[in-house]
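Visitor: I have a model open and a few things to ask about it. Can we go through them one at a time?

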Amino acid sequence: MDDMRLALILNAISPAIGGVLVRGEKGTAKSTAVRALTAVLPPVDVVAGCRFSCPPACPDPGCPDGPHQVTAAAERRTARLVELPVGATEDRLTGSLDLGRALTEGVTSFQPGLLAAAHRGVLYVDEVNLLHDHLVDLLLDAAALGTNYVERDGVSVRHEARFLLVGTMNPEEGELRPQLLDRFGLTVEAAAPRDPASRAEVVRRRISFDADQAAFAARFAAAEASLAAAIAAAQERLPSVVLDDAALERIAVVCASFDVDGLRADIVIARTAAAHAAWRGGLAVSREDIRVASRLALPHRRRRNPFDAPGLDEQQLDDALGGQDDEPEPDPPPGGGQEPDDGGQEGAPSAGHDDGQEQAGQAAAGRESVAPSGATFRARPLEVPGKGQGAVGRRSRAATDVGRSVGARPPLPAARTLDVHLTATLTASAPHQRRRGRSGPGLVLERADLREHRREGRESNLVLFVVDASGSMAARRRMEAVKGAVLSLLLDAYQRRDKVGLVCFRGAGAELLLPPTSSVDAAARRLESMPSGGRTPLAAGLAEAHSTLRRERLRDPLRRPLLVVVTDGRHTAGSEPSAAAGNLHRDGIAAVVVDCESGPVRLGLAAGLAQALGAQYLNLDRLSAGGPGASGASGPAGRPGLSAERLADSVRGWRADRVDRKVA
Ligand SMILES: [Zn+2]
């Protein structure tokens, strides 16, 4: 069985393990496997009508829907899979408190959020590494306490929120904060099947699904039922699994050998090993159980450089585990803990779909015309000055619904929960107290007194690249560096949820290689195959960019553009560039000039262009977040090269997952 399914099953047997982080590349059917998990989780008993899933035997004494009577009606339902979208608001995650009603009507009105929905089920975060930091903090707090606590200016609500946290991420899109990483009990690397036999099997299942869906579903349901029964049996067996001192000592030796911080790894390994013993039908935790558990629980906990290869040194693990157990384990009882092998989750139709994507990716990798691009690096943050109102993202400052409070305003007339600014509300009510006949100590509030927070967060932008592809740039090393730099910025744009576009200029004119799109992989591919040579019509490149931005402004007026001009500032064809640059400047387009002039004799023309554009000026080797010397090309500290193909693949995988989700 693959690690991902095993890790999910072990968590289903013992939720105390603390969840699973699935690190995966392109099309690996991550979402399908996670969804399949809920079908085999044991059902839960809840107090009928309680929105917070109180167990009838011991209801949460602080339940906002409570207090529940012991005699309250109960109902049984399947465990829930609740998905936390990466762009969710704080209210959606934690629930929302209507402070307006509390102040003016004196009632506490609480609308439960996703944490309440996930209580006693699974909370699934796809692309968890792209989650906003403030959501991560809320999630960590709730996960650590098993409680969701919502407070707005003194009015508070609290309810239980214990859930199995399952996250997926593509490591090429950025790593997780260590605190969040440690919150996941286990990590697994998901990989698409590569050997011909497994691939053929996926295709065979897909064909049988297409041929007779009813028969396929029946076979699938049978496999699911038998897996659910095996999990239930393992759960029952778990309390009687023996974890003796020798096993505990062995776990401690392993953790010491891999130099992990704290005791959390020891505890997670112990729980996982016990669950594994129960799963295979064993009576005591064996060396093999500990080995399996260590492989799942250690990779994200050992101290290491961020660029070390993932995974665990298996030889080191075997050395740390020492010799075999003294006494052989008794044979597993018949029928216990064996994974049903017929028509498992890999057979789900969406897995077949993903595989198609995967094959497309490999076909692309086989193209021979792909020029090498230079090493990439973490790009210095570039942003549009001022404050926008664009779609939520991670680049420039913007007025948004989430983020920090920067002032108060009267509530907008839309029917939604108020984000009450208490001080401003009380201040607004103060002058009217005598007229309203206030007699006691409390203020008399009316609806018209209510004030809301004005908040500031981050928006996404349109990053339009204008790249010099003329003969002067064609010198191989130089074009490599430029491609590496633009790729780095593309990767950055993807993480910040920007739209991107690509204009190149060479020979007789400029060309819009890629109209503004959210598809970063398309941009990476165009960049890769971008031809170079000929003269340098810089003005034409700027004019093409300008007309592209004007069109885009009509289409998507709130999205502010950022123009990134990659050039050495030279022009050898067409008109003089200062007029075109001046037009962009007058139109208020924010721009950055990335100067790629190199060599001992420099003309410094790009700085002049930056001035005409009113743009920020950066030298190519100052584009990396670490400054000069930190780029992958120039030192061992850099990130290993992330080629256009790998970037495209990673984004394609993300897409495949999206498709996969729609199918599932
Ligand atoms: Zn309740």
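Visitor: Where is Arg237 placed?
Guide: Arg237 belongs to helix α9 (residues 213-237). Helices here are DSSP runs of H or I with at least four residues, strands are runs of E with at least two, and both are numbered from the N terminus. This is a predicted model, in which local features need pLDDT of at least 70 and side-chain atom pairs count only at pLDDT 80 or more, while totals for chains, interfaces and linings use all residues. Residues are numbered from 1 along each chain as its sequence is written, and side-chain values use heavy atoms, with hydrogens and water left out.

Visitor: Is Arg237 buried or exposed?
Guide: Arg237 counts as buried because its relative accessibility is 18%. The cut-offs are under 20% relative accessible area for buried, over 50% for exposed, and partly exposed in between, with a 1.4 Å probe and protein chains only.

Visitor: New topic, the metal. What coordinates the zinc ion?
Guide: The zinc ion is held by Cys50 (SG), Cys54 (SG), Cys63 (SG) and His68 (NE2), at 2.0 to 2.3 Å. A donor is an N, O or S atom within 2.8 Å of the metal (3.2 Å for Na, K and Ca); water is not among the atoms, so sites may look incomplete.

Visitor: And which geometry does the site of the zinc ion have?
Guide: The site is tetrahedral, with angles of 105 to 114° among the 4 donor atoms. Four donors count as tetrahedral if all angles lie between 85 and 135 degrees. The ideal angle for four tetrahedral donors is 109.5 degrees.

Visitor: What spacing do the donors follow along the chain?
Guide: The donors of the zinc ion follow C-x3-C-x8-C-x4-H.

Visitor: Buried or exposed, for Cys63?
Guide: Cys63 is buried, at a relative accessible area of 4%. His68 is buried too, at 18%, and Cys50 is buried at 10%.

Visitor: Where does Cys50 sit?
Guide: Cys50 is in the loop between β2 and β3. The C-alpha atoms of Cys50 and Asp65 are 5.9 Å apart, and the two residues are 15 apart along the chain.

Visitor: What about Pro61, where is its place?
Guide: Pro61 is in the loop between β2 and β3. Pro61 counts as exposed, at 76% relative accessibility. Its C-alpha atom is 9.6 Å from that of Glu160, which is 99 residues away along the chain.

Visitor: How many aromatic pairs does a search of the whole structure find?
Guide: The search gives 1 aromatic pair. In that pair, the rings of Phe52 and Phe110 have centres 6.1 Å apart and planes at 20°, so the pair is stacked. Rings of Phe, Tyr and Trp (its six-membered ring) pair if their centres lie within 6.5 Å, and planes under 30 degrees apart count as stacked.

Visitor: Which parts does the pair tie together?
Guide: Phe52 is in the loop between β2 (44-47) and β3 (74-77) and Phe110 is in strand β6 (residues 110-111), so the pair links parts 58 residues apart in sequence. Phe52 is buried at 2% relative accessibility, and Phe110 is buried at 7%.

Visitor: On to helix packing. At what angle do α18 and α19 cross?
Guide: Helix α18 (residues 538-555) and helix α19 (residues 577-586) cross at roughly 20°, and their axes come within 8 Å. Axes are lines fitted to C-alpha atoms, for helices over the stretch in contact, with angles running from 0 to 180 degrees between N-to-C directions. The two helices are therefore roughly parallel to each other; angles under 35 degrees count as roughly parallel, over 145 as roughly antiparallel, 65 to 115 as roughly perpendicular and the rest as oblique.

Visitor: Left-handed or right-handed, the way α18 passes α19?
Guide: The crossing of α18 and α19 is left-handed. Left-handed applies if the near helix is turned anticlockwise from the far one by less than a right angle, and right-handed if clockwise.

Visitor: Last one, backbone. What is phi of Glu127 near?
Guide: Phi of Glu127 is near 60°, a positive value in a residue other than glycine. Most residues other than glycine have a negative phi. Glu127 lies in the loop between β7 (122-125) and α6 (133-145) and is buried at 5% relative accessibility.

Definitions and conventions
Four donors count as tetrahedral if all angles lie between 85 and 135 degrees; four count as square planar and six as octahedral if opposite donors are over 155 degrees apart and all others between 65 and 115; anything else is irregular. Rings of Phe, Tyr and Trp (its six-membered ring) pair if their centres lie within 6.5 Å; planes under 30 degrees apart count as stacked, over 60 as edge-to-face and the rest as tilted.
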